Amino acid sequence: MEVLQAMGDEIGVQVKNAALSDDEVIRRVIEGEPALFEIIMRRYNQRLFRVTRSIVTNDLEAEDIVQDAYVRAYEHLHEFEGRAQFSTWLTKIAIYEAYARVRRVDYKRVDSISLLEGQGVDMKSKGRDPEEQTYDGELQRVLERAFDALSDDYRSVFMLREIEGLSTAETAECLDISEENVKIRLHRGRALLQRELYSLVGANTSAAFQFLGARCDRMVARVLERILSGNR
């Protein structure tokens, strides 16, 4: 209870520091303000969830991997040398964690529809009537099912480039492949998703694989509790 109370006392501080750069947050965390790590988590929760889910294709598994990736990153913050962007360094840790999990477990893919049911994934667009919202949700589910059917290599590139909006260079660095390889995989991934389907839903792809609201809060609370209690 004392740990949770301490978390509650410190969380309010994050709002005032939300504009800090990644480097400044890291410096202050290393110097003894671990609660500021919440800024990093809220800043990158969605990206890490999306890229890890592109590897394991399971919402709950991806959340678990992201949690472990944050703890690992926190434990090794002093090793970050600034030669790459912090966001790239953090994304690579999450990717490594995801692939390590796949190697450790005989991972069985689960149909994407069953994963979405009951997971609280809200695909509804604000300001649209119920019929339009239902239609939007169906389109997003179709897109996600097509996405999950891609091979691992194509999913990761497509997620980082098209959905997260990283540059070719950033994607190449995150995945440890050449920029030319990124371009080839993205081109082939688009073809496999069928251009007409992507054209139909393309304007709304940023709404897919959301990691906001209660899901984001839950991740932040779990990692902060592990960090502040020393139970990692």
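**Salt bridges, core and ring pairs in a predicted model**

The side chains of arginine 101 and glutamate 61 meet in a salt bridge, with 3.2 Å from N to O; a salt bridge is a side-chain nitrogen of Lys or Arg within 4 Å of a carboxyl oxygen of Asp or Glu. Arginine 101 belongs to helix H5 and glutamate 61 to helix H4, so the pair ties together parts that are 40 residues apart in sequence. Helices here are DSSP runs of H or I with at least four residues, numbered from the N terminus. The structure is a predicted model, in which local features need pLDDT of at least 70 and side-chain atom pairs count only at pLDDT 80 or more, while totals for chains, interfaces and linings use all residues. Residues are numbered from 1 along each chain as its sequence is written, and side-chain values use heavy atoms, with hydrogens and water left out.

Arginine 101 is buried, with a relative accessible area of 9%; buried means under 20% relative accessible area, exposed over 50%, and partly exposed in between, for a 1.4 Å probe and protein chains only. A further salt bridge joins arginine 72 to glutamate 97, whose closest N and O atoms are 2.3 Å apart. Arginine 72 lies in helix H4 and glutamate 97 in helix H5, so this pair ties together parts that are 25 residues apart in sequence. Arginine 72 is partly exposed at 42%, whereas glutamate 97 is buried at 11% relative accessibility. Salt bridges that share partners join Glu61, Asp64, Asp68, Arg101 and Arg226 into one network.

Within helix H3, glutamate 38 and arginine 42 lie 4 residues apart, about one turn of the helix. These two residues form a salt bridge, the closest N and O atoms being 2.7 Å apart. Glutamate 38 is buried, with a relative accessible area of 3%, and arginine 42 is partly exposed, with 38%. The count for the structure comes to 22 salt bridges. Side chains of opposite charge can pair when their charged atoms come close.

Arginine 155, in helix H8, is buried at 0% relative accessibility. Its side chain reaches the backbone oxygen of serine 54 at 2.3 Å.

The largest nonpolar core has 55 residues, of which Phe37, Ile40, Tyr70, Phe86 and Leu90 touch the most other members. Such a core is a set of buried Ala, Val, Leu, Ile, Met, Phe, Trp, Tyr and Cys residues joined through side-chain atoms within 4.5 Å. Helices that each supply at least two residues of this core include H2 (22-30), H3 (37-56), H4 (59-75) and H5 (86-104). The most comes from H3, with 10 residues. Tyrosine 70 touches residues including Phe37, Ile40, Leu90 and Met219, not counting residues up to four places away in sequence; contact means heavy atoms within 4.5 Å.

A search of the whole structure finds 6 aromatic pairs, where rings of Phe, Tyr and Trp (its six-membered ring) pair if their centres lie within 6.5 Å, and planes under 30 degrees apart count as stacked, over 60 as edge-to-face and the rest as tilted. Phenylalanine 37 and tyrosine 70 form an edge-to-face pair, 6.1 Å centre to centre, with 90 degrees between the planes. Phenylalanine 37 is buried at 1% and tyrosine 70 at 0% relative accessibility. Ring pairs link Phe37, Tyr70 and Tyr74 into a cluster.

How values were computed: Polar contact = N/O pair within 3.5 Å; in protein donor to acceptor, adjacent residues only side chain to side chain.
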